[in-house]
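Morning, everyone. Here is the structure for today; take a moment to look it over.

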Amino acid sequence: ARSRVPPSCEFAMCPATSKEESLRLGQTAEINGVSITPLAVIEDSRCPIDVQCIQAGTIRLRATLRSALGMSTNIFVLGTPITTEAEIVTLTSVSPAPRAGVTIPPADYRFIFEVKKRTDFFEGKG
């Protein structure tokens with residue numbers, strides 16, 4: 001049962017069901033119960049910030065996911081969620097932004113992943 005919190009007597013906020021973290025290639029971090037390791041940039045077709053493009057482009061990244069339910073290697077596309085049995089994992093942001101004629105060294109990439117727990121899984125609907 002939830003109770004109201006003084007002084008405004010509003011209901012307390014529910015605990016966060018998603019967490020995010022920034023990672024480099026080869027770096028591993030545990031985010032909301034999932035261990036993520038970015039392995040390699042397969043494609044970086046994002047539009048350079050100093051150019052006007054017809055399409056925004058994207059980035060595709062190979063990464064491993066490990067959780068209590070096992071390990072898998074996945075190809076992440078920027079902004080497209082990957083759903084596991086218990087989580088939803090999304091590559092939400094990549095930096096630095098590309099510039100025309102400049103190759104981004106692999107060591108300079110930073111990837112922000114968001115991991116949300118699947119509520120339907122925990123409610124027995126998974």
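Start with a side-chain pair. The side chain of Thr 37 makes a polar contact with the side chain of Thr 28, at 2.5 Å. A polar contact is a pair of N or O atoms within 3.5 Å; within protein, one must be able to donate a hydrogen and the other to accept it, and residues adjacent in sequence count only if both atoms are side-chain atoms.

Ground rules next. This is a predicted model: local features need pLDDT of at least 70, side-chain atom pairs count only at pLDDT 80 or more, and totals for chains, interfaces and linings use all residues. Residues are numbered from 1 along each chain as its sequence is written, and side-chain values use heavy atoms, with hydrogens and water left out.

Back to Thr 37. Is Thr 37 buried or exposed? Thr 37 counts as buried because its relative accessibility is 7%; buried means under 20% relative accessible area, exposed over 50%, partly exposed in between (1.4 Å probe, protein chains only).

Now the core. The largest nonpolar core has 19 residues. Such a core is a set of buried Ala, Val, Leu, Ile, Met, Phe, Trp, Tyr and Cys residues joined through side-chain atoms within 4.5 Å. Ile 36, Phe 76, Val 89, Leu 91, Phe 111 and Phe 113 touch the most other members.

Last, the disulfide. How many does a search of the whole structure find? It finds 1. Cys 47 and Cys 53 form it, with sulfur atoms 2.0 Å apart; the cut-off for a disulfide is a pair of cysteine sulfur atoms within 2.5 Å. The link is right-handed, with 85° about the S-S bond. Cys 53 counts as partly exposed, at 34% relative accessibility.
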